[in-house]
Amino acid sequence: MAALIRGVIRLFPTERSVFLSTRSDIIVESKRFVRGLRRKPVRVLFPEKDTGKVVKPPQQQHPQADHHAAEQKMGKNSSARGHPSRSDPVNMRSETAKHPHVPDAKDPVDRLRYERAFPGDKRLSRLVSIARSRTFREHQRKILLEGRRLICDALEAGARPQTVFFSALDRLRELPLDKLRGATVVKVKFEDIKLWSDVVAPQGVIAIFARPDPARLNFSQRGQSVPLSLICDNVRDPGNLGTMLRCAAAAGCHDVLLTKGCVDAWEPKVLRAAMGAHFRLPIYPNLDWDEIGNHFPKPVTVHVADISHGHHLRRDAEDDGTHKLSKPGDYGWVNASPNRKMTECEESGSESDSDSDSDSESEDEGLSFPRVETKLYHENWAQSPTALVIGGETRGLSMEAVQLAEKTDGNRLFIPIVPGVDSLNSAMAASILLFEGRRQLLMLPQTTRKKRQSEAEGKLLR
């Protein structure tokens, strides 16, 4: 067998040289057709006219080799310029240590610095969750404002921003940038704002403010206000309270007082319904009836609004001598139970309802009803510094409100409605009475001037 192999090698010396030279990519031409065995696909090499000529096969250009060569060329150019190439990890690490990566830290608009939220950043979700809870809102002293208009109103009034989240630089340019210097400005994705927003079509900007103090805010319409105060008594609907605040700001009220039991004035739904009224007039929340008198000018007349059909009940009782209304619970516009300083809505239940009914009946027996005269809303009732009490639609006016009206010689204001309609919405009744009160207060100087002129003319005739 060995002799056979040696004979074959002697017969084909050229083929032997071919197989031995495949690693050098050089093929020695022979008189026979030779197949060059490579890792590349097999090719048939035809003999040339000149024997013994060394033929180099054409090198195939691979895109990977071209890319590697281009990277080497770029690395040389970058190293020549003083920048490390990607192929040199040692230089890259040293250069990174010298110049660490800093997120976009400067906004081209008025040089306002801002940050980019990194992946997994939970600042937006954490702050929004805090601002939505009344307990955390009061504990952390933070409020949430969403939208350009509401944020601009807060900044103009002097509220202090803490954190501002925006999705695009165009949204940030719409805000007064000079008043955002001390705040942390963070750019986030619009999808994140849409996820945590309460509105259907968010504007792409959310801000967290420190809960403002009414004594430190700058109200632009203080010069146009009238001596008229609004007292919200146990108003628990956020939409109604926000609408009342908006009407109070439009009517030029001096301030708004909220008793304990009202919904939080800084709840997001109240803020949206108020349309910036929080930053146009002072709002004092969570007050006891003993504290309300400290916010009144001296003297003041307190009037209560009757938004139910209690007027018809009393008129029918006066006409019919058999039925006598001797308890406060007989009047649909008065809540007989005293104010228990509740901060959240009551839980409804059959047992609790029956217990509360029995308790209210026992309390009614020992209470005397305050005597407050009824007056139509368009009659003269706002002739001096005035306060108007609006009760909630669920529980109505509290006994403390009616007692305060009796103490200050106030009236029970009644808005007549057509038969068959139960009552007016508390926010609608507040808007009617507030604008009527403003009209009467603005007419006082003219009435006084006419009265003085008539008195002067009477003296001349004498």
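User: How many aromatic pairs does the structure hold?
Analyst: This is a predicted model, where local features need pLDDT of at least 70, side-chain atom pairs count only at pLDDT 80 or more, and totals for chains, interfaces and linings use all residues. Residues are numbered from 1 along each chain as its sequence is written, and side-chain values use heavy atoms, with hydrogens and water left out. Rings of Phe, Tyr and Trp (its six-membered ring) pair if their centres lie within 6.5 Å; planes under 30 degrees apart count as stacked, over 60 as edge-to-face and the rest as tilted. The number of aromatic pairs in the structure is two.

User: Are the rings of Tyr 114 and Phe 166 stacked or edge-to-face?
Analyst: Their centres are 5.5 Å apart. The planes stand at 75°, so the pair is edge-to-face.

User: How far apart in sequence are the parts that this pair ties together?
Analyst: Helices (H or I, at least four residues) and strands (E, at least two) are DSSP runs, numbered from the N terminus. Tyr 114 lies in the loop between helix 4 (89–98) and strand 5, and Phe 166 lies in strand 7, so the parts tied together are 52 residues apart.

User: What is the strand order of the open sheet of five strands?
Analyst: Two strands pair if DSSP finds at least two bridges between them. Strand 5 (115–116) and strand 6 each pair on one side only, as edge strands. Pairing is mixed, and the order is 5-8-7-9-6.

User: What angle does helix 7 make with strand 9?
Analyst: Helix 7 (residues 148–157) packs on the sheet, touching strand 6, strand 7 and strand 9. Contact means heavy atoms within 4.5 Å. Axes are lines fitted to C-alpha atoms, for helices over the stretch in contact, and angles run from 0 to 180 degrees between N-to-C directions. The angle with strand 9 is about 30°.

User: How much space lies in the largest cavity?
Analyst: On a 1 Å grid over the protein atoms alone, a cavity is a set of points where a 1.4 Å probe fits but cannot get out; lining residues have an atom within 4 Å of a point. Grid points are joined across faces, edges and corners, and a volume is the space filled by probe spheres set on the points. The search finds five cavities of 30 Å³ or more. The largest holds about 90 Å³.

User: Which residues lie nearest the centre of the largest cavity?
Analyst: The lining has 13 residues. Nearest the centre are Leu 144, Glu 146, Asp 198, Pro 268 and Arg 272.

Key:
On a 1 Å grid over the protein atoms alone, a cavity is a set of points where a 1.4 Å probe fits but cannot get out, and a pocket is an open set with protein on both sides within 12 Å along at least five of seven lines; lining residues have an atom within 4 Å of a point.
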